[in-house]
Amino acid sequence: MKVSVTRDVFQLAEVFTISRGSRTEAKVLTVSVEGDGARGMGECVPYARYGETLESVTAQIEGFTGAWPDLPDALPAGAARNALDCAFWDHAAKRAGKRVWDLLGVPVPSPEITAYTLSLDTPEAMERQAVKHAARPLLKIKLGTPDDMARLEAVRRGAPDADIIVDANEGWTAEVYADLAPHLIRLGVKMVEQPLPAGADDMLAEIARPLPVCADESCHDRASLPALRGKYDMVNIKLDKTGGLTEALALKRQALAEGYEVMVGCMVGSSLAMAPATILAQGVAFTDLDGPLLLAEDRDEPLKFDHLGVHPPATALWG
């Protein structure tokens, strides 16, 4: 197999801000796996929060010289393994002349309603965002400051009928979350994601959880699950955290078996990055695969988004 990796940059439609900073473009790595008359593609988004850079992940990908079954032992869970694993799945499907879901023995994916993310901003700006996207069935609000109450109120005013989920991106303390929780309920918030920093979230086992709490930064792969017991009700599975579709599917099965609900999320990337996750998202509590909706430009064969949600990819894109 010939493995190659390139850097791609996709401009965002608007500045995207979370509690850790802002960005105006999505910088991704595109991996190609070629051999036996077929070429498979995968995409990953190196994430600084997990100690990844474009350079370090490129080096990991270029340093991999084994075969597909060697991936779990050769590379840790993370962006590099994700891009390679998804490229190998795409290659296997194209070589076999089948779709990836046929290889997995699962039904053809159905469209799934996806959240649309409103990035962190002033209450006034977030209300304007909410008004603009009020017709969407599910909005995800980026929060994570001690002054989020006004933002919550503003978004609810702007989108009175939408379901809302909240992502604090590790930005709250236990005290801030405890103060906000009753208001989250009052405003009809359905779930809160990663309210406390990973590694400093033990208080979640001791304070009331009046609405589901989802682990994001605290959950990467199956090895993360034991530390989540008693603290979280849901896990956010992202391909760039698990190290690919293979581990993501295994994490989903184990999380459900242990009583967790499942959310399927994404980094800010193109349709190629989201495509494998449409299989993973089938039947989960929340789907958050809006990365392409945040871009000003996308792949040549982008995913289809409509009132039914995000559709599975065409063969020209992936799988």
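## Reading helix packing and a kink

Colleague: Before we start, what kind of model is this?

Modeller: A predicted one, where local features need pLDDT of at least 70, side-chain atom pairs count only at pLDDT 80 or more, and totals for chains, interfaces and linings use all residues. Residues are numbered from 1 along each chain as its sequence is written, and side-chain values use heavy atoms, with hydrogens and water left out.

Colleague: Where does α7 kink?

Modeller: The bend at a residue is the angle between axes fitted to the seven residues ending there and the seven starting there. In α7 a kink of about 35° sits at L180, shortly before the proline P182. Helices here are DSSP runs (H or I, at least four residues), strands are E runs of at least two, and both are numbered from the N terminus.

Colleague: Which residues of α7 are buried?

Modeller: Buried means under 20% relative accessible area, using a 1.4 Å probe and protein chains only. That gives A174, V176, Y177, L180, A181 and L184 in α7. Their cover includes α6, β6, β7 and β8.

Colleague: At what angle do α3 and α9 pack?

Modeller: Axes are lines fitted to C-alpha atoms over the stretch in contact, with angles from 0 to 180 degrees between N-to-C directions. Helices α3 (79-96) and α9 (245-257) pack at about 95°, axes 8 Å apart. They're therefore roughly perpendicular (65 to 115 degrees). Contact means heavy atoms within 4.5 Å; R81, N82, D85, C86 and W89 of α3 make it with L245, T246 and E247 of α9.

Methods
Parallel < 35°, antiparallel > 145°, perpendicular 65-115°, else oblique. Buried < 20%, exposed > 50% of the residue type's maximum accessible area, 1.4 Å probe, protein only.
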